[in-house]
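Subject: Structure handover

Hello,

Here is the structure I promised to pass on. Please open it alongside this email.

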Amino acid sequence: MNALDPAGLECLAALAEAGSFDGAAQLLHITQSAVSQRLRSLESNVGHVLVVRERPLRLTEPGKVLLRYARQMQALRADAARELGATLNRDERLPIAVNPNSLATWVLPALDPLVQRGLQEGFGVELIVDDQDFTHDWLRQGEVLGCVSTVSQALRGCACQALGAMRYVATASPAFVARHLPQGLNRRNFAQLPFVTFNRKDDMQAQWVAQAFGVRDPQLKERFVPSSEAVARAAAMGWGLSVLPELLARPLLAGGALLPVLPEVHLDVTLYWHQWKLSGEDGQASRHGLMDQIGEALLTGARQALHPVPVAGGGDNPTP
């Protein structure tokens, strides 16, 4: 395989970002025909089809391999431009994947100083949101340069650091407790009561019930509300029980909008930060690149907001 054409890699990244040839052309400020030509040249160079040309556009497995490389090259270019004081043609996109509950609580304050600086220096942090058990897939597929995940094992070429433990507690509104839980929540009634849940990927309610009552694979009546903040609000409105991040529930509990349910039971879910190890032309890892700074900001924010990582074998941290 010949040396990879930077213009072709940039084209591939733009196609992944925009999801169409027309959108990629707009991002790169070139014609759609030029996008097609650059992609064909890259595919000819590597000997693989990189993009399935259908609606919606999707990358093949070789395309995902090169997308990881293209994303890393973009991050390195942003680092070089920043160090040289150069102006980029367009804001460099530094995508990371985070889980909704982290986004709703500690991630934005942690990243804010870096994002504010990026407005001046021409780079931007893009947040991709998915369940904490699935954000790692975005990293593996090359869609993001870093992720907050429950996965503890680093991919080859990636660094992994523990952020801390996000604690989850069960809650319900005072009206819901008075009407449905006069005798409290127990093994006999949990299956008859609704639980407000983020979406079908979210198994936090089931994990909490399994721990609270020693029930394997509990079947719950779930009401889906696909927003962390809205889940908390729905619980406060009496839509059902909900197992919420302690950080999100705390002000509602303090104000009386929610009551704790079995407060002696909680889940501590350990979160990890993964990022690609970016290297310069000399092969040495970049020590002060933008992705490193994103990681440092998240580590600092997490240590201020999250609980310390539970000791192995402590019993209250679900298996990732």
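Predicted model: local features only at pLDDT ≥ 70, side-chain atom pairs only at ≥ 80, totals over all residues.

Residues are numbered from 1 along each chain as its sequence is written, and side-chain values use heavy atoms, with hydrogens and water left out.

Overall figures

The protein chain has 11 helices and 11 strands. Both are DSSP runs numbered from the N terminus: helices are H or I with at least four residues, strands are E with at least two. Of the 320 residues, 48% are buried. Buried means under 20% relative accessible area, exposed means over 50%, and partly exposed lies in between (1.4 Å probe, protein chains only). The accessible surface comes to about 16000 Å², and carbon and sulfur atoms hold 51% of that. These areas come from the Shrake-Rupley method with a 1.4 Å probe; for residues, only the protein chains shown count as cover. Among contacts (heavy atoms within 4.5 Å) between residues at least 6 apart in sequence, 74% join residues at least 24 apart.

Helices α2 and α3

The axes of α2 (residues 21–28) and α3 come within 8 Å and cross at roughly 100°. That makes the two helices roughly perpendicular, a label for angles of 65 to 115 degrees; under 35 is roughly parallel, over 145 roughly antiparallel and the rest oblique. Axes are lines fitted to C-alpha atoms, for helices over the stretch in contact, and angles run from 0 to 180 degrees between N-to-C directions. On the α2 side, F21, D22, A24 and A25 make the contact; they meet Q32, V35, S36 and L39 of α3. These residues divide into five nonpolar, two polar and one charged. Here Ala, Val, Leu, Ile, Met, Phe, Trp, Tyr, Cys and Pro count as nonpolar, Asp, Glu, Lys and Arg as charged, and the others, Gly among them, as polar.

Helix α8

Which residues of α8 (residues 204–213) are buried? They are M204, Q205, A206, W208, V209 and F213. They pack against four strands: β6 (158–172), β7 (194–197), β9 (242–245) and β11 (266–276). G214 follows α8 and has a positive phi, near 65°.

Salt bridges

The whole structure has seven salt bridges. The term means a side-chain nitrogen of Lys or Arg within 4 Å of a carboxyl oxygen of Asp or Glu.

R53 pairs with E43, with the closest N and O atoms 2.9 Å apart. R53 sits in the loop between β1 (51–52) and β2 (58–59), and E43 in helix α3 (residues 32–46), so the bridge ties together parts 10 residues apart in sequence. R53 is partly exposed at 44% relative accessibility, whereas E43 is buried at 11%.

R140 bridges to D137, at 2.7 Å between the closest N and O atoms. The two are three residues apart in helix α6 (residues 135–140), separated by about one helical turn. R140 is partly exposed at 39%, and D137 is partly exposed at 29%.

R250 and E246 meet at 3.5 Å, N to O. Both lie in helix α10 (residues 246–255), four residues apart, about one turn. R250 is partly exposed at 45%, and E246 is partly exposed at 22%.

Best wishes
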